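Keep the sequence and the structure in view while reading.

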Amino acid sequence: MDTVDKTPQTYLIKKGAEASLFLTNWYGKKAIIKVRIPKKYRPQTLDQQIRRYRTIHEPQLMHHAKAAGVATPLIYMINVPKSTIIMQYIQGPQIKTLLNNNSLDKSTQHALCLQIGKSIARLHNYGLIHGDLTTSNMIHAPNGQIYFIDFGLGEKNMELEAQGVDLHLFKRALQSTHFSFWEDCLTSVLCGYSSIRGVVLSEKVYEKTRQIESRGRYVEERKQ
């Protein structure tokens, strides 16, 4: 990438649909360089606007998440013209990897999912929608904290509908990635969620999730 200084200490570690992630050394510390890739299928002006907006907006959401009590990487530098963010490298495995470890006991699985549910609830209490809640976007740090990453599709939104969509997408992610035990995970996540938001408000969000699922089933039935 011409937007990244390719020193011998800079390595591509992930090439996603929206951005590439590089591991680098930033003044003696490990850091992640996130570079948003130009999309040739979009008109150039629109593409620049989208990448500019997301480059500015993502660090803002991460800052708000911290204020809400959810761990996120520190932001070191933002280069808007190059659609680049340099941020803290979080040591530790993805929650996806941990949950899929066959040696993980049920009590640890429950504790992790409970913590995830509490963090999602704190985001929603603060009016934050992550937009891409998956266990791949959560890192378990050595201090026991779960760091949420990749807020590129996130937004500020207090509506129950948006919160329901967030939980719906997370449920779908659990079903596809942890298909043999997703129900246990979801039960623990919702337990943590309701412990922060309260039973009444949580049930309103769950009802929105059920409505969203019903709409999806209706669309699939019409297609068939």
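To compare two helices, each is given an axis, a line fitted to its C-alpha atoms over the stretch in contact, and the angle between two axes is taken between their N-to-C directions on a scale from 0 to 180 degrees. The model shown here is predicted.

Helix α3 covers residues 106-125, and the axes of α3 and α5 come within 6 Å and cross at roughly 45°. An angle counts as roughly parallel under 35 degrees and as roughly perpendicular from 65 to 115; α3 and α5 are therefore oblique to each other. Their crossing is right-handed. Sorted by class, the residues in the contact of α3 with α5 are ten nonpolar, eight polar and five charged.

Helix α5 (residues 182-197) also meets helix α4 (residues 160-177): their axes come within 9 Å and cross at roughly 155°. That angle makes α4 roughly antiparallel to α5, since angles over 145 degrees are counted in that way. The crossing of α4 and α5 is right-handed. On the α4 side the residues that meet α5 are Q163, L167, F170, K171, L174 and Q175. On the α5 side they are W182, C185, L186, V189, L190, Y193 and R197. By class, this contact of α4 with α5 has nine nonpolar, two polar and two charged residues.

Now turn to the strands. Five of them form an open sheet in the order β1-β2-β3-β5-β4, and the pairing is antiparallel. Strand β1 (11-15) and strand β4 stand at the edges with a single partner strand each, so one side of each has no neighbour in the sheet. From one strand to the next the twist averages 20°.

Within this sheet, follow strand β3 (residues 29-36). Strand β3 is mostly covered, with six of its eight residues buried. In the sheet order, β3 stands between β2 and β5. Strand β2 (residues 19-26) runs antiparallel to β3 and is joined to it by eight bridges. The strands β2 and β3 form a hairpin with two residues between them, and Y27 in the turn has a positive phi of about 50°.

Strand β5 (residues 84-88) is joined to β3 by five bridges, and these two strands also run antiparallel. Here I33 stands opposite I86 in β5. Four bridges join β4 to β5, again in an antiparallel arrangement, and I78 stands opposite I85 in β5.

What lies in the loop between β4 (75-79) and β5? Residue S83 is found there. Is S83 buried or exposed? Its relative accessibility is 2%, so S83 counts as buried, the limit for that class being under 20%. Leaving aside residues up to four places away in sequence, S83 touches K34, V35, R36, R51, R52 and T55. Phi of S83 is near 50°, a positive value in a residue other than glycine.

D150 is found in the loop between β8 (146-148) and β9 (155-156). With 23% relative accessibility, D150 counts as partly exposed.

Key. Residues numbered from 1 in each chain as written. Predicted model: local features only at pLDDT ≥ 70, side-chain atom pairs only at ≥ 80, totals over all residues. Heavy atoms only, no water. Left-handed = near helix turned anticlockwise from the far one by under 90°. Contact = heavy atoms within 4.5 Å. Nonpolar A, V, L, I, M, F, W, Y, C, P; charged D, E, K, R; others polar. Buried < 20%, exposed > 50% of the residue type's maximum accessible area, 1.4 Å probe, protein only. Pairing = 2+ DSSP bridges.
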